[in-house]
Amino acid sequence: MIATTLLLFVAAALLPVAIVIFTPFGCTADFARSPGRGSGSVVLHWLSPRLVRFTVDVGQGGGTLFILGWSRRI
Amino acid sequence: MREPEPSTAGAHPPAAAGRTAAPEKKASDKLDLSDGSDESDKSDPPASPSARVSRLHRWMFVFRKVKKILAILFDPRLSGRTIRWLRRDLNLLLHLVRIHHIRLTVTAGVGDPAETGMLYGWYIALRDVVLSRRPHITIRFDPYFGGTMLEAEGSIGVTCSIARLLLAGSVVLIGFPWLTFLSAWRRLGKVRREPMPTAGEAVT
């Protein structure tokens, strides 16, 4: 009984670690270019589909940085 | 107007003065900074021969260490294992980052319809050969015969994971032929620092 409880506790403690370790991280870069205009974005994802998102629009000038819902025009 | 202080600020210690002159030099530097006088324009004295010899000696020691490590790595008894280990690591590195997808759509025209048609022909010829076995790579080319134009749109996604990084790191560490390396290291002997020549010997 005690062994089973301990095992359950250990499994519960290790589960978040396993989720963090095995969740893939990576980035997706998109770009589009047409005469007189270009835009691009880079999205970093890990545990969240959009952990960090950076977009830039050359034709319009400037860019926007999104980090987990927080956004700022740069 | 302040009068120049009769201190050792202007007189830099001679180059070959040795270690005892170092604190005086530091004090003079501090004075120069606080005064902001013309003395600060003077450049630092050139490095003494003993300092140069010491630096050369240190570099020679590093060079001999590197030479020894290279000799061990390319030792006939170890080189086969080292090359196998390197090949395995390279293979791991290539599979560490996975390409999730590559998408590229290009609409282009070079002005001359004939040349645009030739480009499109090259694309059609290469498309099935290169891309047929890679479903996650999509490259599309639409010719534009009406003039010069370049429109492109694309996306690339790469993924990795901490588990994969840890696995690769542990394979690199565990897979290295440590025992053979250590035995070769002991066989070749320890690289020792030779006694430093004195300043007089270095000048002569």
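Guide: The contact takes 16 residues from chain A and 15 residues from chain B, where two residues are in contact if their C-beta atoms, placed from the backbone, lie within 7 Å. This is a predicted model, in which local features need pLDDT of at least 70 and side-chain atom pairs count only at pLDDT 80 or more, while totals for chains, interfaces and linings use all residues. Residues are numbered from 1 along each chain as its sequence is written, and chains are lettered from A and ligands numbered from 1 in the order in which they are written.

On the side of chain A that touches chain B, α1 (2-22) and β1 (24-34) each supply at least two residues. Helices (H or I, at least four residues) and strands (E, at least two) are DSSP runs, numbered from the N terminus. The most comes from β1(A), with 11 residues. By class, this side of chain A divides into 10 nonpolar, four polar and two charged residues; Ala, Val, Leu, Ile, Met, Phe, Trp, Tyr, Cys and Pro count as nonpolar, Asp, Glu, Lys and Arg as charged, and the others, Gly among them, as polar.

β1(A) also pairs with strand β3 (residues 148-161) of chain B, in the antiparallel sense and over 10 bridges; two strands pair if DSSP finds at least two bridges between them. A:A29 stands opposite B:I156 in β3(B).

Let us turn to helix packing within chain B. Helix α3 (residues 76-96) and helix α6 (residues 178-188) of chain B pack at an angle of about 150 degrees, their axes 10 Å apart. Axes are lines fitted to C-alpha atoms, for helices over the stretch in contact, and angles run from 0 to 180 degrees between N-to-C directions. The angle therefore makes α3(B) roughly antiparallel to α6(B); angles under 35 degrees count as roughly parallel, over 145 as roughly antiparallel, 65 to 115 as roughly perpendicular and the rest as oblique. B:R77, B:L78 and B:R81 of α3(B) meet B:T180, B:F181 and B:A184 of α6(B). That contact has three nonpolar, one polar and two charged residues.

Helix α2 (residues 49-73) of chain B also meets α6(B): their axes come within 10 Å and cross at roughly 125 degrees, so α2(B) is oblique to α6(B). Here B:K68, B:A71 and B:I72 of α2(B) touch B:F181, B:A184, B:W185 and B:L188 of α6(B). By class, this contact has six nonpolar, no polar and one charged residues.
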